[in-house]
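Open the model in your viewer and keep the selection tool ready. We will go stop by stop.

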Amino acid sequence: MKNNYGKFILLWLGQLISAIGGGLTSFGLGVYIFEKTGSAASMALITLLGFLPTLLFSVPAGVLADRFDRRMLMMLGDGLSGLGVAYILIFMLKGEATLLQICIGVAISAIFSSLLEPAYKATVTDLLSEEEYSKASGLISLAGSARYLISPLLAGILLSISDIKLILLIDICTFILTVISTFVVKNSIHEQKPIIKKSFVASLKEGWTTLKERKAVFLLVISSSILTLFIGVFQVLAEPMILSQTDAGVLGAIETICASGMLVSSLYLGIKGLRKRYAKTLSYALVFAGMFIIGFGLADNLMLVTVFGFGFFLALPFANNCLDYLVRSNIPDKLQGRVWGIVGFLSQIGYVIAYGFSGMLADAIAKVNGMGVGKGSGMIMAFSGLALIIVAISLLMKKEIQNLEE
């Protein structure tokens, strides 16, 4: 019987600090780029470059997580990703960083961060018993929400008293704290991992075969890639929509209030967890998320925008928790790393499409109709919310997904 929840909490605290630092940089760079260009596409480009390397390298990173020390991979991923932030900071200290320089720095940081996710998720499985998975998933969602809950408000305050350079410096410091927490957990785990004699390609193929053999899990993962497309549209276009009406300080406050919905549901899941009806809860949560996206995109004042944003973030952790449980509980422990790498790649392809095209589409609609970037972004979000509802209802009707709980 595993009894490592305290070690998980220490590891989780490190990731919480990392999420706050990353959120500061993401918010600060987004505001910086929008103020310089006024383009939703430029903001989306930064988001895409921060995400795409992580996606592309997630599969090999998953294989590495099953072949090498997972905690060491986490330390390398967190520590070296700070190089990209430092790269941007150097140019900022010299004057101003160009869009190209920021893109390079963001990409460098994302490449090293790709080592983190599969190793982190597999480590959670290493540390905890199956009964603790749901609570752990709630806390992981809570840590992820910090970049939306704490970072925007803090970044807005920092930008009002200083500039982007202070934010980047703080982010670099958070990498150090995260590496230290992971190092402590690493030294407290004495289990020796078996030596894997299979080649890298053979290990990767085994992970793919494991996922394909579990057809219901594979169907869920493919459906997730469609869901992330619509959720990604919201993530990309929410900031330019709000920034077109107000400044960075108000944007930070609105994002924090909206993300407090994620805090409420993540705390509930972290304390109580879910016991059953994971598949149905997943579908219901996504239906509500889609409804709130529609309201967010069509709202005509910032107060309504905030209310609908709160509702969206309230629903999201329930969906993430159920997805995490249904996949984790159907994959053998020894294959968790490589399977999570493949799952991460497949389920998040939708984000690449959203980040790559939604910003350009919003700019194009705004130009053709003369309605402005904010209105164009809102219109696209409303359509994506409707599509999310349709996909969620389709999932609810799939018996294969329902049977995963058995």
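Axes here are lines fitted to C-alpha atoms, for helices over the stretch in contact, and the angle between two of them runs from 0 to 180 degrees, taken between N-to-C directions. Keep in mind that this is a predicted model.

**Stop 1: helix 1 and helix 2**

Select residues 5–37, which form helix 1. At what angle do helix 1 and helix 2 pack? The angle is about 150°, and the axes are 8 Å apart. Angles over 145 degrees count as roughly antiparallel, so helix 1 is roughly antiparallel to helix 2. Helix 1 passes helix 2 in a right-handed crossing.

Now show the side chains at the contact. From helix 1, pick G30, I33, F34 and T37. From helix 2, pick S42, M43 and I46. Colour them by class: four are nonpolar, three are polar and none is charged.

**Stop 2**

Keep helix 2 on screen. Angles under 35 degrees count as roughly parallel.

By class, the contact of helix 2 with helix 5 has eleven nonpolar residues, three polar ones and no charged ones.

**Stop 3**

Is T54 buried or partly exposed? T54 is partly exposed, because its relative accessible area is 22% and buried means under 20%. Setting aside residues up to four places away in sequence, T54 touches A110 and S114. Next, draw a distance from T54 to S384. These two are 330 residues apart along the chain, and their C-alpha atoms are separated by 24 Å.

Move to L56, also in helix 2. L56 is partly exposed, with a relative accessible area of 48%. Draw another distance, from L56 to L346. In sequence they are 290 residues apart; in space they are 10.0 Å apart, C-alpha to C-alpha.

**Stop 3: L115**

Go to L115. Where does L115 sit? Its place is in the loop between helix 5 and helix 6. L115 has 18% relative accessibility and counts as buried. Show what surrounds it. Not counting residues up to four places away in sequence, L115 touches A61, L64, L73, L76 and G77. L115 and M72 are 43 residues apart along the chain, with their C-alpha atoms separated by 9.8 Å.

**Stop 4: helix 12, T256 and S265**

Select residues 248–271, which make up helix 12. T256 lies in this helix. T256 is buried, at a relative accessible area of 12%. Which residues does T256 contact beyond four places in sequence? They are Y148, L149, P152 and L153. Look for a polar atom of the T256 side chain: the backbone nitrogen of L153 lies 3.1 Å from it.

Stay on helix 12 and select S265. S265 is buried too, with a relative accessible area of 2%. The side chain of S265 reaches the backbone oxygen of L314 at 3.0 Å. Leaving out residues up to four places away in sequence, S265 touches F313, L314, P317 and F318.

**Stop 5: helix 16 and helix 17**

For the last stop, select helix 16, residues 349–369, and helix 17, residues 372–396. Their axes come within 8 Å and cross at roughly 120°. That makes helix 16 oblique to helix 17. Helix 16 passes helix 17 in a right-handed crossing.

Show the contact. Helix 16 brings S358, L361, A362, D363, I365 and A366. Helix 17 meets them with G372, V373, G376, S377, M379 and I380. How do the residues of this contact divide by class? Seven are nonpolar, four are polar and one is charged.

Methods: Residues are numbered from 1 along each chain as its sequence is written. This is a predicted model: local features need pLDDT of at least 70, side-chain atom pairs count only at pLDDT 80 or more; totals for chains, interfaces and linings use all residues. Side-chain values use heavy atoms; hydrogens and water are left out. Helices (H or I, at least four residues) and strands (E, at least two) are DSSP runs, numbered from the N terminus. Angles under 35 degrees count as roughly parallel, over 145 as roughly antiparallel, 65 to 115 as roughly perpendicular and the rest as oblique. A crossing is left-handed if the near helix is turned anticlockwise from the far one by less than a right angle, and right-handed if clockwise. Contact means heavy atoms within 4.5 Å. Ala, Val, Leu, Ile, Met, Phe, Trp, Tyr, Cys and Pro count as nonpolar, Asp, Glu, Lys and Arg as charged, and the others, Gly among them, as polar. Buried means under 20% relative accessible area, exposed over 50%, partly exposed in between (1.4 Å probe, protein chains only). A polar contact is a pair of N or O atoms within 3.5 Å; within protein, one must be able to donate a hydrogen and the other to accept it, and residues adjacent in sequence count only if both atoms are side-chain atoms.
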